[in-house]
Amino acid sequence: AADERKKKAKELRLESSFDAAVEDYDQRVSASRSASPGKSGTSASKYQFVGVVNDGVSGKGKVTWYARNKPRNSKWNVRLVHVNRDAVLRDMFVKGKIDVYGKYTNKGIDEAAAFAAAETSGGHAEGETEQPGMKPLIQGEYTVKERSWKTLWNFSPIRMFTTPSGSFWRERRISPGIYTDGADVYESVYRFRDGKNGLKRTAKLENYLDSPSLSPERKNMIIERLKGGDTPDIVIEK
């Protein structure tokens, strides 16, 4: 309770000092305007102009200008706004005004990065070679669509029965099996209590490929899927 009182007293002192400084500034500005002939305290403009600073991606120039009718009690004419587009899109998505769709492409194994990691690891005996990592490079491409009656709220019967996302509270169960990201091997699990998917790490990929129970055909198929740029089965956003 004592800390709260100290905090409120500090905030009151800050507010009073700020109000005093602003009042003194307003008095000096009004005095200078009254001393200048032919100028009034309010602008005669009927419009307000807002400039939105672009991020340089849309190709609309550095600043996009908008205008609106000036409200009766408003005192400003021009403002420049820096928009956090990511925050705006997230807010629209949470409020159900847009849908975000992701398309993921497997670009294959980044062999340059894999060999660079192998060279910097060090500590190998002479004549011993390390197998480069087989972690593929996944590139995401996102599109935003407005959710309205004109687009039937982006409803698609095909996506409803085929998408693995499920509902808001419960995720649709992914297919049981073994998955890999090119470095480790995981087994799919599902918590029915919470309706959530999961991946349980079981082994390293190199140890899994060296297993005698794995046939050569199966081993070649896994390697080709990683190297050949096959579409990923699961994508986990971080």
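Colleague: In S8, what is the bridge partner of serine 188?

Modeller: Leucine 199, in this predicted model. Start with the general idea. Strands of a sheet pair through backbone hydrogen bonds, either parallel or antiparallel. Here, strand S7 (residues 184-191) and S8 run antiparallel.

Colleague: How many bridges join S7 to S8?

Modeller: There are 8 bridges between them.

Colleague: What is the strand order of the open sheet?

Modeller: The order is S6-S7-S8, 3 strands with antiparallel pairing. Strand S6 (178-180) and strand S8 (196-204) each have a single partner strand, so they stand at the edges, and one side of each lacks a neighbour in the sheet. On average, neighbouring strands of this sheet are turned by 40° against each other, direction ignored.

Colleague: Now helix H6. Why does its span agree with what it should be?

Modeller: Count 1.5 Å a residue. The 12 residues of H6 (residues 216-227) should then span 16 Å, and the end C-alpha atoms are 16 Å apart, so the two agree.

Colleague: Which residues of H6 are buried?

Modeller: Buried means under 20% relative accessible area. In H6, that holds for Ile222, Ile223 and Leu226. Look down the axis of H6: the buried residues fall within an arc of 95°, so they line one face of the helix.

Notes: Residues are numbered from 1 along each chain as its sequence is written. This is a predicted model: local features need pLDDT of at least 70, side-chain atom pairs count only at pLDDT 80 or more; totals for chains, interfaces and linings use all residues. Side-chain values use heavy atoms; hydrogens and water are left out. Helices (H or I, at least four residues) and strands (E, at least two) are DSSP runs, numbered from the N terminus. The expected span of a helix is 1.5 Å times one less than its number of residues. Buried means under 20% relative accessible area, exposed over 50%, partly exposed in between (1.4 Å probe, protein chains only). The arc is that of the directions from the helix axis to the C-beta atoms. Two strands pair if DSSP finds at least two bridges between them. Axes are lines fitted to C-alpha atoms, for helices over the stretch in contact, and angles run from 0 to 180 degrees between N-to-C directions.
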